[in-house]
Amino acid sequence: MIRILIVDSHPIVRTGLELFLNNKPDFNVVGKLNSGIEIFEFVRRHKVDVIISEVDLPELNGITALRAIKKENTEVNVLMFSHQPEEIYAISTLKAGASGYLNKTADVDTLEAAIRKIHNGEISLSEKMDKHLRYEDTRKSRSRLFKKLSTREVEVLKLLSIGRKNKEIAEELDINEKTVSTYKARLFKKLNVTNIVDLIHQAKHHNLT
């Protein structure tokens with residue numbers, strides 16, 4: 001039996017996933033959560049084999065939650081199931097400890113296959129993304145630009161794009177403000193901008209937020 005935890009801020013998504021997955025004889029949805037912060041207590045109290053999580057979550061974003069969860073629970077496999085573009089976020093989430101990434105445009109058979117694959121210890125990505133990783137496109141692309149950014153830089157960028165201040169970012173990511181400033185300086189350099197407005201604009205232009 002594969003014990004699955006669903007983490008998504010949308011009730012319809014949570015319910016839809018639960019109904020589909022519980023119809024499989026060897027799948028058992030053991031919980032549904034609204035935010036990233038709730039995951040920690042849940043996995044301490046319940047046995048979970050696979051977590052299906054959105055990247056964009058209230059209180060604590062999915063990437064930050066993922067990194068923390070994997071530190072405490074290395075045996076739990078995480079599938080990021082998000083509306084965010086795979087070519088932008090797949091690499092970052094894999095670096096943070098995910099076993100797979102699936103866009104919400106995928107069909108249910110693909111979702112089922114991805115769950116089974118990561119439960120068996122494999123990495124699950126779309127065929128398109130797999131080719132992106134294996135055969136680099138020589139022209140400048142969103143994925144090439146994204147690869148210049150570390151996981152932490154992506155997290156800081158996402159928080160900056162929703163208006164968070166340095167102090168708030170430091171508290172959420174559990175780092176000091178000076179470190180946040182360092183990440184901002186790196187983002188300015190890598191995205192070739194000189195101010196926060198242009199940084200956010202450039203990030204949105206490349207679908208990085």
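A polar contact is a pair of N or O atoms within 3.5 Å; within protein, one must be able to donate a hydrogen and the other to accept it, and residues adjacent in sequence count only if both atoms are side-chain atoms. The exercises below use this term.

The model is predicted: local features need pLDDT of at least 70, side-chain atom pairs count only at pLDDT 80 or more, and totals for chains, interfaces and linings use all residues. Residues are numbered from 1 along each chain as its sequence is written, and side-chain values use heavy atoms, with hydrogens and water left out.

**Exercise 1. Describe helix α3 and the setting of T64.**

State which residues of α3 are buried, and what covers them.

Step 1. Locate the helix. α3 spans residues 62-72, and T64 is found in it.

Step 2. List the buried residues. They are G62, I63, T64, A65, L66, R67, I69 and K70. That is eight of the 11 residues, so α3 is largely enclosed by the rest of the structure.

Step 3. Find the cover. It includes α2 (39-45), β3, β4, α4 (86-96), α8 (151-161) and α9.

Step 4. Zoom in on T64. Its relative accessibility is 10%, so T64 counts as buried. Leaving aside neighbours within four places in sequence, T64 is in contact with E155, E172 and L173.

Step 5. Check N61. The side chains of N61 and T64 form a polar contact of 3.0 Å. At the start of α3, a side-chain oxygen of N61 also reaches to within 3.0 Å of the backbone nitrogen of I63.

**Exercise 2. Find the largest cavity.**

Give its volume, its lining, and the element that gives the most to that lining.

Step 1. On a 1 Å grid over the protein atoms alone, a cavity is a set of points where a 1.4 Å probe fits but cannot get out; lining residues have an atom within 4 Å of a point. Grid points are joined across faces, edges and corners, and a volume is the space filled by probe spheres set on the points.

Step 2. Count and size. The structure holds one cavity of 30 Å³ or more. The largest cavity has about 40 Å³ of space.

Step 3. Name the lining. It consists of I39, I51, S53, G62, A65, L66, I69, V78 and M80.

Step 4. Assign it to elements. β3, α3 and β4 each supply at least two residues. α3 gives the most, with four.

**Exercise 3. Read helix α5 from end to end.**

Step 1. Take the length. α5 (residues 108-119) has 12 residues and reaches 17 Å from its first C-alpha to its last. This is close to the 16 Å expected at 1.5 Å a residue, where the expected span is 1.5 Å times one less than the number of residues.

Step 2. Pick out the buried residues: L111, E112, A114, I115 and I118.

Step 3. Look at the ends. G121 follows α5 and has a positive phi, near 90°.

Step 4. R116 touches I2, K24, D26 and F27, not counting residues up to four places away in sequence. The side chains of R116 and D26 form a polar contact of 2.5 Å.

Notes
Buried < 20%, exposed > 50% of the residue type's maximum accessible area, 1.4 Å probe, protein only. Contact = heavy atoms within 4.5 Å. 1 Å grid on protein atoms, 1.4 Å probe; cavity = no way out; pocket = protein on both sides within 12 Å on 5 of 7 lines; lining within 4 Å.
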